[in-house]
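Colleague: Can you walk me through this one? I'd like the surface first, then the helix packing.

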Amino acid sequence: LLYSALAPAMGVFDYGWSTYLGRAEGMRAQGSIGHPLAAGYTCAVALGLYLYLRTRVPSDWKRHLGALVLVGGLVGALSRAPWVGAAMMLVLFVLLGPAPGRGLARICGAVLALAPLLIVTPQGRKVIDLLPWIGTVEAYNVEGRERLGQVAFKVFLETPFFGRYDVLSHPEMEALRGGHGIIDLVNTYAVVALRGGGVSLALFVGFFVVAMVGLFKGMRRIPDHADEQRVLGRALLVTLIGVLFMIGTMSPTLNVPTVYWCLG
């Protein structure tokens, strides 16, 4: 996991390390993963786990350097869902901490301090254009995912219990076939539900729900918020929540299922 997370970050500076795909006149780091979206997903997961691991690093500069490398990989992938997922992990981690109000105020202060730079500078405006629902760069990807969700739900209702093996040949799904000649099922939940029905989807989601309930119960048994095990529980819980959000915009390919099964 660490190697996979470091590779895209190194790729930001070394063109020989990574293969790149363009977005908004920029280059997207792919690293050793195989796709920028999966690379960003891996870095987001690593950042979530680093919320705990940083407490085991005694040196301040090494601790900050570790975070900077992972953030570099996340930014270099130029993948929007991992950006949102990583931000979600950070906010939830703060809210579950000993002083959520103070921590949230610090995050808001940092965002307000960066806002003028994002609005005024050309580089900042490019970052805003890349954000989902706000930006204009490749907005069709966001719209396409929304369309996929609508069509997948309609097809799911036809065989809601156990799905269908020939789902890709369904006329409604054929309408989603893009210019590359493929139906890009960029939603793990849709893949599970269409091919295995509601029974498979319940088993799939239930596995992670059981894991999260166990984490939450374990944290409640430790009243000291500064306790190492409680901090570990917070990091695992928020990372799992972030992953469950991100896979709603990703196919279960490459290292994506490996990471979420190992984490669960």
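Modeller: Accessible areas here come from the Shrake-Rupley method with a 1.4 Å probe; for residues, only the protein chains shown count as cover. On that basis the protein exposes about 14400 Å². Carbon and sulfur atoms supply 67% of that area.

Colleague: What am I looking at, and how is it numbered?

Modeller: This is a predicted model: local features need pLDDT of at least 70, side-chain atom pairs count only at pLDDT 80 or more, and totals for chains, interfaces and linings use all residues. Residues are numbered from 1 along each chain as its sequence is written, and side-chain values use heavy atoms, with hydrogens and water left out.

Colleague: How many helices and strands?

Modeller: Eleven helices and two strands. Helices (H or I, at least four residues) and strands (E, at least two) are DSSP runs, numbered from the N terminus. The order from the N terminus is α-β-β-α-α-α-α-α-α-α-α-α-α.

Colleague: What share of the 264 residues is buried?

Modeller: 42%. Buried means under 20% relative accessible area, exposed over 50%, partly exposed in between (1.4 Å probe, protein chains only).

Colleague: On to packing. At what angle do α2 and α3 pack?

Modeller: About 155 degrees, with the axes 8 Å apart. Axes are lines fitted to C-alpha atoms, for helices over the stretch in contact, and angles run from 0 to 180 degrees between N-to-C directions. So α2 and α3 are roughly antiparallel to each other; the cut-offs are under 35 degrees for roughly parallel, over 145 for roughly antiparallel, 65 to 115 for roughly perpendicular, and oblique for the rest.

Colleague: Which residues make the contact?

Modeller: From α2, G40, C43, A44, A46, L47 and Y50. From α3, K62, R63, G66, A67, L70, V71, G73 and L74. Contact means heavy atoms within 4.5 Å.

Colleague: And where do α4 and α10 sit in the chain?

Modeller: Helix α4 covers residues 80–95 and helix α10 residues 228–246. Their axes come within 9 Å and cross at roughly 150 degrees. That makes α4 roughly antiparallel to α10.

Colleague: Which residues of α4 meet α10?

Modeller: A81, P82, V84, G85, M88, M89, L92, F93 and V94. Their partners in α10 include V231, R234, V238 and F245.

Colleague: Last one. Is P257 buried or exposed?

Modeller: Buried, with a relative accessible area of 18%. P257 lies in helix α11, residues 256–263.
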